[in-house]
Amino acid sequence: MAPTGAWAGSKAASACLWLALCLGLAACGPAAPADAPRSEAEHADAVALPEPLVELDGEGLRARAAQALREQRIHTPAGDSAVDYYLALRDKEPGQIDVISALGELQPYVVIAGEQALFDDDLGESQRLLGLLERMDPQAPALPRLREGLRSATAARERKAREETQRLLAERADAAPAPRALPGATSAAIKADAAASALAADEAAARASTPAAPIASAPVPAASPPPATATAVASAPARAMPRLIADASPRYPLPALNRKIEGSVEISFTILPDGRTGAARLVSSEPAGVFDDAALAAVARLRFEPSGQSHAARRTLNFKLPSR
């Protein structure tokens with residue numbers, strides 16, 4: 001208690017000396033007006049934005065910290081809060097008991113603010129408060145919990161962004177019309193279909209042209225053979241069309257719906273060995289150009305039972321206005 005009493009006595013003596021100086025200055029008339037500009041300067045310094053923390057001395061940092069506490073600026077705004085000033089003061093004057101105690105008392109406020117930032121999904125503010133808490137006490141019990149919460153929230157936001165991107169890409173893919181087949185297209189599916197048809201025609205023609213057993217009677221003049229194409233078609237075994245397992249209704253174009261236009265489109269296409277469709281081609285449309293893209297897109301979404309072979313097919317899609 002002795003050092004405390006001596007310190008108190010010293011403070012009292014300093015106060016008395018300061019009071020005497022003030023009374024002496026008040027008695028001097030010419031010196032009195034100089035106090036007014038000084039008061040304005042002090043007021044301006046109190047309301048101005050803080051200088052960089054490195055430029056303030058210990059007394060300046062203490063004054064700024066006290067002012068921030070009075071104004072409830074405990075941990076915000078960044079760089080102008082009581083916690084920022086006390087941390088800077090601790091760096092300049094290590095080991096000060098009052099500074100260490102103040103940071104310990106303010107620590108729960110930073111923890112609560114960090115948890116609230118996580119709850120509000122304000123990850124930037126949560127990261128800043130986490131860094132502030134780490135500087136206050138690297139061994140703070142709340143640090144592992146806040147780090148894990150920030151990590152989980154960041155991962156959830158990234159996962160949500162990826163899912164949204166994939167959803168938008170899928171919607172674009174579904175909405176995009178299938179490309180029209182060019183007249184001279186030579187895709188693998190068309191080549192395979194043409195080769196299979198040519199092979200079947202050759203086999204049928206070979207079977208049809210095999211000579212029959214000779215007859216003992218006088219030879220009869222051979223009749224002129226029918227056209228090879230007709231024989232091939234008549235003799236080739238009919239291939240069953242694959243079963244449709246997934247139908248697709250065409251989307252009614254909005255301009256046609258608004259103008260109350262109806263029509264139909266005929267599309268020829270190839271059923272591929274795996275059941276998908278390809279080589280779609282516009283055969284006819286009425287009215288021309290109104291429903292073409294919607295019909296081609298619908299044919300591209302058709303799915304048939306895989307047969308291991310290619311099949312030529314046609315489909316007519318009718319566009320009728322919904323009845324009210």
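The cover over the buried residues of helix 11 includes strand 2 (263-271), strand 3 (277-286) and strand 5 (311-319); buried here means under 20% relative accessible area with a 1.4 Å probe, protein chains only. Helices (H or I, at least four residues) and strands (E, at least two) are DSSP runs, numbered from the N terminus. Helix 11 spans residues 292-300, and with 7 of its 9 residues buried, it is largely enclosed by the rest of the structure. Those buried positions are Asp292, Ala294, Ala295, Leu296, Ala297, Ala298 and Val299.

This is a predicted model, in which local features need pLDDT of at least 70, side-chain atom pairs count only at pLDDT 80 or more, and totals for chains, interfaces and linings use all residues. Residues are numbered from 1 along each chain as its sequence is written, and side-chain values use heavy atoms, with hydrogens and water left out.

As for the sheet, 3 strands form an open arrangement in the order 3-2-5, paired antiparallel (two strands pair if DSSP finds at least two bridges between them). Strand 3 and strand 5 sit at the edges with a single partner strand each, so one side of each has no neighbour in the sheet. Strand 2 and strand 3 run antiparallel to each other over 7 bridges, and Ser264 stands opposite Glu286 in strand 3.

Zooming out, the protein chain has 11 helices and 5 strands. Of its 324 residues, 26% are buried. Looking at contacts (heavy atoms within 4.5 Å) between residues at least 6 apart in sequence, 69% join residues at least 24 apart.

Conventions
Buried means under 20% relative accessible area, exposed over 50%, partly exposed in between (1.4 Å probe, protein chains only).
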